[in-house]
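Thanks for coming, everyone. Please have the sequence and the model open as I talk.

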Amino acid sequence: MAKNFIANVKSVLSGDTLILTSPNNPSLERTFSLAFVNGPRLSKEGDEPFAFQSREYLRNLTVGKQIKATVLYTIPGSGREYGTALLQDGTEFPDASVKAGWLKIREEAGRKEESEEVLEKLEKLRSFETQAKNEGKGLHAGVGGVIEVQNDLGGPSFITEWKGKTVEGVIERVFGGDRLLARLFISDKKHYQVVTLIAGIRTPATERTNQSDGRTQPAEEYGNEARAFVDQRLLQRLVKIKIIGASPQGQLIATILHPRGNIAGFLLEEGLARCNDFHSTLLGSDMAALREAEKKAQGARLRLHKHHVAKATDGKDVEMTVTKIVGADTIIVGNKGGVEKRINFSSVRGPRAGEASEAPYRDEAKEFLRKKLIGKHVKISIDGSKPATDGFEAREVATVTQAGKNVGLILVQEGYASVIRHRKDDTDRAPNYDELLAAQETAREEKKGFWSGKPPKVKQYTDMSESVQKAKMQLSTLSRQRKVPGVVDFCKSGSRFTVLIPREGAKITLVLAGVRAPRAGRTPQEKGEPFGQEALDLANRRANQRDCEVDVHDIDKVGGFIGDLYINRESFAKVLVEEGFASVHEYSAEKSGNLTELLAAQKKAKEGRKGLWHDWDPSQDADETEEAPAESSAEVAVTIDKKPEDYRDVVITNIDASGKMKIQEIGKGTAALTTLMNEFKKFHLDPKNNVAIKDNPKTGDFVAAKFSADGDWYRARIRSNDRAAKVAEVVYIDYGNSEKQPWSKLRPLDQAQFTTQKLKAQAVDAQLSFLQLPTTPDYLADAINFIYEITDGKQLVASFDYVDTKENISYITLFDPKAKGSNSSSGSLNREVVLNGHVMVPRKLKPWERSKVFEPTLKALKEAETQAKADRQGIWEYGDLTED
């Protein structure tokens, strides 16, 4: 007797077999086959012809619908049930499938003793089959019906061709809430059946069996619920599949579009999934909707988010000023009251010291951020905080915007920062996290910053305050220039700074001229002078890491450069004095030319009883005004009242790479040098005098060295030593040129007839008067080459305009006695160098150069400079570089 039951169709295995579930308990499943018929089979090894079309006919009509099943017979042993199925609209199976030509009647059907009802049913089915054959329907078409099915993507070419496109498909299996087996209808003749990850989400793992030991691994919380949610809505449903990429394991990543929308969004809204950050760059702007769905579930504390704690921030933007750049991802900001706090950029990380590809960019990234932010007003929106851990203090993470632009995003776009991969439950992240990930992907593709794979060009700075000797070398260049651009790299005290001069490649210690600031303690525990720490704090707030300009006047005993520091074109010495954190040193201030300004600032501080002057008594100033004029007399003494008439015959023996010149005076000295060199040569040709110097020669020692260009021996002095390589840099004292020589090739210069006591060094330091050499390397080289051309091998006449006994430098004007019109300043070689545009007349003159007697000389040189500008000669080829 036939048995009837009501069931829901969950899926269709083939054109003749269905998986049914109980309407009251969807977890109860049974396999039900249609009686008396056979359909072609689907198989991973290859489908039979028309197998997919046969299955699709039945799937389209039945999946997700309720049927009335009638069991006609059951196979003993397997328990497989066979019968008929009736839809609520009256469609009956297998009748409809046979009539459409998608099933065949089994040959053995009806051979056994059957009831008249069954035989009548068979007769009806056979008539449907005959009709389908006659009409060539379905399986009876005779040709075609074969669809090629590929079970993997087959390589990157698939994604290249199909990325961003949407195709129709059927979900064949549901492995978990975020993992499916999808059949993609690429064409009528080819399908892809591949494991597919739902884009943008990650769901908890489902229960699964370990293949190695057969043990069952329990599901994570809500893992089975997520699978059931997807299974109920997608299994064997026709969906649209938007292809967005592939996982590293070769699995398809796609957006699955149910007729009601994106299944990922529904899972997130129900709290059954979390957003998958790794898919953000693939989804682009589509990720925003998923984030909103997740936030909705978090707000309602649904399932996975039942323990969610909202951020404890007020969401308000706070206006602050950037006072220090700690690194490419960390800054110090302060409010109007001077209260400072440390801020880390949300979700971004600067170049890491431990990463070989990133570490070389640490300085460049920090400098990029310094130029963009230091001293600027920014808006801070706190996104969360990180608790203190071993080696790291607690810190706040925030979104920082400047002039409406997200600073963290800019760093990522330029390849100076990477995006942090947060834990799945970490909500302390940037609100534009997906935009950051997309920017990182773009920077990587465009090979920006540390994604380029190439190390950056690192700017090297030479510490010119390392020694007095180095400071003297740099002084002549810096003292000639007005307001040299630089960067305050470090504040040592309120009046002492480390300043970088990029165009010179120099690092100097700058001491503010004309003021004295109290000293701060070197450590928090060390007590400094009163108001020393306040002075240092002011310097850090107002000057540290700022672009600046410096005017250098002199050097001190330890290689520090004495001068003025300008921040935003304002003298910092004046600021320091006005705040009462420094006092005026009148002699130094008068010498540097800013005495009046500083005294006015000090008077203001005194009257306001600020800082050092908090207990100021006006009567204290009565006896303090007598010393400065006497002390400044040395400065006045430099003024020259009568034009020098000290002319000497000279030759230029050397011009080094910095433009410094060595000259020999022709006369008794050069005659004596010729005699000495003849004897010197004979002495060193004698084999018995082949004695090397002792080990570890010292800087400053006099030696005999064989010049590499001509193989002759000359007197020399050791300028520096490389003790590891046992190589010395020697200066040939009678000619001024230098080179490096191994210690083994040097000989002692201790013979009485050859010492400097017998004949002093004949090469004298000199500098062309009233001229300033260019600092740009190419223009400087051009200037040196030109001076060589017009002086090489010539006996010249030098007018010794001024001899600086402190620096041992002679300032000279050169004349070529064989040239026409060389008897005046208008015919000097100095003027010829200016006229050809290789140097400029300094805007900042030395005290002796300002003497009235030199006004005609300066006038002639300035006229030559004007002509060079008009002719666009040399350094003026692109216009007047002295214009603002």
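Arg55, Glu56, Arg59 and Glu172 are linked in a network of salt bridges. A salt bridge here is a side-chain nitrogen of Lys or Arg within 4 Å of a carboxyl oxygen of Asp or Glu. By this rule the count comes to 47 salt bridges.

Now the ground rules. This is a predicted model, where local features need pLDDT of at least 70 and side-chain atom pairs count only at pLDDT 80 or more, while totals for chains, interfaces and linings use all residues. Residues are numbered from 1 along each chain as its sequence is written, and side-chain values use heavy atoms, with hydrogens and water left out.

Back to the salt bridges.

Pair one is Glu358 with Arg352. Their closest N and O atoms are 2.8 Å apart. Is Glu358 buried or exposed? At 5% relative accessibility, Glu358 counts as buried. The cut-offs are these: buried is under 20% relative accessible area, exposed is over 50%, and partly exposed is in between, using a 1.4 Å probe and protein chains only. Arg352 is partly exposed, at 30%.

Pair two is Arg648 with Asp646. In this salt bridge the closest N and O atoms are 2.5 Å apart. Arg648 is partly exposed, with a relative accessible area of 26%. Asp646 is partly exposed too, at 28%.

Arg843 sits in the loop between helix H21 (829-835) and helix H22 (855-870), and Glu865 sits in helix H22, so the pair ties together parts that are 22 residues apart in sequence. A word on those labels: helices (H or I, at least four residues) and strands (E, at least two) are DSSP runs, numbered from the N terminus. Arg843 is partly exposed, with a relative accessible area of 33%. Glu865 is buried, at 4%.

Start with Arg106. Arg106 lies in the loop between strand E8 (104-105) and helix H3 (116-135). With 15% relative accessibility, Arg106 counts as buried. What does the side chain of Arg106 reach at 3.3 Å? That is the backbone oxygen of Val37. The Arg106 side chain also makes a polar contact with the side chain of Tyr73, at 2.7 Å. A polar contact is a pair of N or O atoms within 3.5 Å; within protein, one must be able to donate a hydrogen and the other to accept it, and residues adjacent in sequence count only if both atoms are side-chain atoms. Plain contact means heavy atoms within 4.5 Å. Leaving aside neighbours within four places in sequence, Arg106 is in contact with residues including Phe36, Asn38, Tyr82 and Arg126.

Now Asp178. This one is in the loop between strand E10 (166-176) and strand E11 (179-185). Asp178 is buried, with a relative accessible area of 14%. Its side chain reaches the backbone nitrogen of Thr203 at 3.1 Å. Again leaving aside neighbours within four places, the contacts of Asp178 include Thr196, Leu197, Ile198, Ile201 and Arg202.

Last topic: the barrel.

Five strands close into a barrel, in the order E37-E38-E44-E46-E45, with mixed pairing. The twist averages 55 degrees from one strand to the next. Those angles run from 0 to 180 degrees between N-to-C directions, and axes are lines fitted to C-alpha atoms, for helices over the stretch in contact. Two strands pair if DSSP finds at least two bridges between them.

Take strand E45 (residues 796-804). Seven of its nine residues are buried. On one side, four bridges join E45 to strand E37 (residues 647-655), running antiparallel. There, Val650 stands opposite Leu796. E45 also pairs with strand E46 (residues 809-815) in the antiparallel sense, over seven bridges. Tyr802 stands opposite Tyr811 in E46. How many residues lie between E45 and E46 in their hairpin? Four, and Asn808 in the turn has a positive phi of about 60 degrees.

Met661 has Ala766 as its bridge partner in E44.
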